[in-house]
Amino acid sequence: MTKPSLPDLLHAAVSAVGGTERPGQVAMAEAVAEAIDDNSHRLIQAGTGTGKSLGYLVPALAHGERVVVATATLALQRQLVERDLPRTVEALHPQLRRRPQFAMLKGRSNYLCLHRLHEGAPQDEEEGLFDQFEAATPTSKLGQDLLCLRDWADETETGDRDDLTPGVSDKAWSQISVSSRECLGATKCAYGAECFAEAARERAKLADVVVTNHALLAIDAIEGAPVLPQHEVLIVDEAHELVSRVTGVATGELTPGQVNRAVKRSAKLVDEKIADALQTASETFERVMELALPGRLEEIPEDLGYALMSLRDASRNVISAIGATRDKSVHDEDAVRKQALAAVENVHSVAERITNGSEYDVVWYERHDRFGASLRVAPLSVSGLLREKLFEDRSVVLTSATLKIGGDFNGVAASLGLSPEGVEGDDVPLWKGLDVGSPFDYPKQGILYVAKHLATPGREGTRGDMMDELAELIEAAGGRTLGLFSSMRGAKAAAEELRGRLDHPILLQGEETLGELIKTFAADPKTCLFGTLSLWQGVDVPGPSCQLVIMDRIPFPRPDDPLMSARQKSVEEHGGNGFMAVAATHAALLMAQGAGRLVRASGDRGVVAVLDPRLATARYGSFLRATLPDFWYTNDRNQVRRSLAAIAAAAQADGK
């Protein structure tokens with residue numbers, strides 16, 4: 001039988017999902033197929049509307065070997081598993097003569113733990129276990145959430161938190177879930193045969209396509225214990241997020257509360273003398289943290305160093321002792337021991353990591369109004385880790401709408417541990433970049449307006465001229481505005497000010513769940529939605545409800561961000577331009593994502609307004625603009641107001 005052609009397969013899949021074939025999608029599918037056949041690597045930029053998920057799924061399914069698809073957002077995971085994959089598999093079946101299997105796999109804590117549900121969670125303050133369903137009053141939010149979870153446990157087939165609607169609080173979920181460190185293991189657990197997490201792993205082992213998230217991909221790479229099944233092809237979607245997700249997984253944290261919980265959980269399981277030593281070390285650490293001032297620690301202060309060494313040594317002794325002790329008074333001892341071990345092992349690993357003082361780590365204090373002080377440690381760079389762990393023994397395709405920074409792929413490639421495109425060397429994976437463009441006509445559909453006449457934003461204080469500009473633009477657009485702010489403080493200040501000046505409803509991130517806010521924003525064109533980071537990337541509102549996207553300023557990282565400033569300094573010490581490599585690249589990625597909120601469909605029209613004159617006047621402005629969609633560019637405020645009014649009038653005439 002002749003092998004079905006890729007164009008025929010793509011045509012069948014696109015028809016099945018009710019889409020339209022696009023040249024960029026065809027080019028992408030061919031590049032993915034070539035990478036899989038050659039066992040090589042690709043970075044593929046595919047603009048909004050390209051249909052990139054089918055652009056990689058079709059060649060992956062046609063290939064026949066196991067493929068892992070890692071995404072950053074829950075929305076895309078759901079789209080792949082609930083819509084794209086079922087339809088594509090059915091559409092390709094007549095030509096492939098097989099139905100490839102697919103499965104979703106997440107970290108263990110995303111699944112309901114039947115042991116926790118039925119036996120209860122080990123309690124910190126008292127011996128043994130408590131029944132969380134009895135402890136929480138049925139009328140409290142926690143009590144209602146737990147009752148909801150108990151009912152859901154009887155009907156769910158997956159135990160996956162994301163299948164639970166409506167959702168429950170993190171506090172409630174923590175009562176019925178476990179981390180991989182806390183898990184007893186299927187062979188030791190009374191509920192091992194029915195375990196949802198184990199069932200998900202088994203499904204993944206049998207699947208041709210495994211859909212997972214960046215965090216689990218990072219855990220699989222970093223911890224050395226394979227979580228994902230063996231696979232020949234890795235496709236990383238939303239790849240612009242990968243470095244920050246891997247950094248997050250590789251970041252360690254210690255807080256006094258966390259150490260205190262480890263003390264309480266282990267106290268009944270070890271000799272009193274060993275328990276007292278950890279208690280004393282915990283108290284010393286807490287005293288040091290009370291005086292902690294936010295910022296990077298280029299050298300570990302003597303008092304902190306002493307406290308960490310005490311924690312390291314005391315927790316090591318507890319870990320050794322827990323394994324040898326049996327306390328008959330402890331109910332469900334295996335679960336209590338496992339939870340205590342997990343808590344103490346985390347304290348030990350972070351204390352030891354900071355005490356060892358690697359030159360490749362950044363250590364800093366953070367202070368939160370609600371949670372107090374924390375001590376954090378993160379890798380200066382994850383590029384070496386990614387180069388070593390990601391690109392070996394498999395073909396890797398990384399794709400996103402924003403991979404070209406300042407006009408080429410090399411910036412993103414460097415963050416992934418890759419050399420510039422085409423450069424060969426020992427242990428350096430070769431790769432090719434491809435920009436398949438976008439089906440949208442950006443110069444005709446959108447305007448990039450930079451408010452060149454405004455004052456340059458400073459670090460502090462309100463910007464009166466910016467507020468006036470913001471109000472005038474929103475009035476001209478008739479609402480229909482997504483306001484993207486570089487800080488929550490800025491978003492709140494703008495919402496408070498403009499609620500008093502405008503008749504348009506202004507929604508503010510944090511006042512309702514993000515899903516509800518976006519739903520309300522999309523339903524009423526007169527409404528505006530203001531917010532910060534998650535809105536820059538997480539809003540998909542095609543049509544007339546979003547015709548003006550405003551960015552209050554270029555979203556450079558804060559100058560006092562310990563990790564970003566350390567990375568910038570490191571680049572400079574190695575002869576590079578730290579500002580361009582770190583701060584400008586960070587800002588460019590966010591701005592490209594933010595500008596991408598405007599045009600989501602072929603009929604969309606609108607303006608991206610940047611209220612920061614530096615985009616027009618600073619030397620790095622052209623680098624940032626080269627990363628944005630190719631909108632028609634202007635600094636003419638009157639022209640923009642006329643254009644917004646015309647776009648709004650056209651939408652009203654259409655009855656939208």
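Okay, let's start at P166, which sits in the loop between helix 7 (141-155) and helix 8 (170-175). A quick note on those labels: helices (H or I, at least four residues) and strands (E, at least two) are DSSP runs, numbered from the N terminus. The bond leading from T165 into P166 is a cis peptide bond, with omega near -10°.

Before going on, some housekeeping. This is a predicted model, so local features need pLDDT of at least 70 and side-chain atom pairs count only at pLDDT 80 or more, while totals for chains, interfaces and linings use all residues. Residues are numbered from 1 along each chain as its sequence is written, and side-chain values use heavy atoms, with hydrogens and water left out.

Back to the backbone. Most residues other than glycine have a negative phi, and most peptide bonds are trans. Which residues here have a positive phi without being glycine? One of them is E238, with phi near 50°, in the loop between strand 7 (233-236) and helix 11 (242-249). R480 is another, at about 55°, and you'll find it in the loop between helix 19 (464-477) and strand 15 (481-484). Buried or exposed, then, for R480? Buried, at 3% relative accessibility, and E238 is buried too, at 13%. For the cut-offs, buried means under 20% relative accessible area, exposed over 50%, and partly exposed in between (1.4 Å probe, protein chains only).

Now, salt bridges. Side chains of opposite charge can pair when their charged atoms come close. The rule used here is a side-chain nitrogen of Lys or Arg within 4 Å of a carboxyl oxygen of Asp or Glu, and by it the count is 32. Let me show you a few. D361 pairs with R353, with the closest N and O atoms 2.9 Å apart; D361 is buried at 16%, while R353 is partly exposed at 24%.

Then there's E511 with R499, again with a closest N and O pair at 2.9 Å. E511 lies in the loop between strand 16 (506-508) and helix 21 (514-523) and R499 in helix 20 (residues 488-499), so this bridge ties together parts that are 12 residues apart in sequence. Both partners are partly exposed, E511 at 49% and R499 at 36%.

R600 and D540 also form a bridge, with their closest N and O atoms 2.9 Å apart. This one links distant parts of the chain, 60 residues apart: R600 is in the loop between helix 24 (578-595) and strand 19 (606-610), and D540 in the loop between helix 22 (533-538) and strand 18 (548-551). R600 is buried at 19%. There's a network as well, linking E469, E472, R637 and R641.

R600 comes up again around T48, which touches it along with others, including A401, F440 and Y442. Contact means heavy atoms within 4.5 Å, and residues up to four places away in sequence don't count. T48 is in the loop between strand 1 (41-45) and helix 3 (52-63), and is buried at 18%.

Last stop: the lining of the largest cavity. By class, that's 15 nonpolar, four polar and four charged residues. Here Ala, Val, Leu, Ile, Met, Phe, Trp, Tyr, Cys and Pro count as nonpolar, Asp, Glu, Lys and Arg as charged, and the others, Gly among them, as polar. A cavity, on a 1 Å grid over the protein atoms alone, is a set of points where a 1.4 Å probe fits but cannot get out, and lining residues have an atom within 4 Å of a point.
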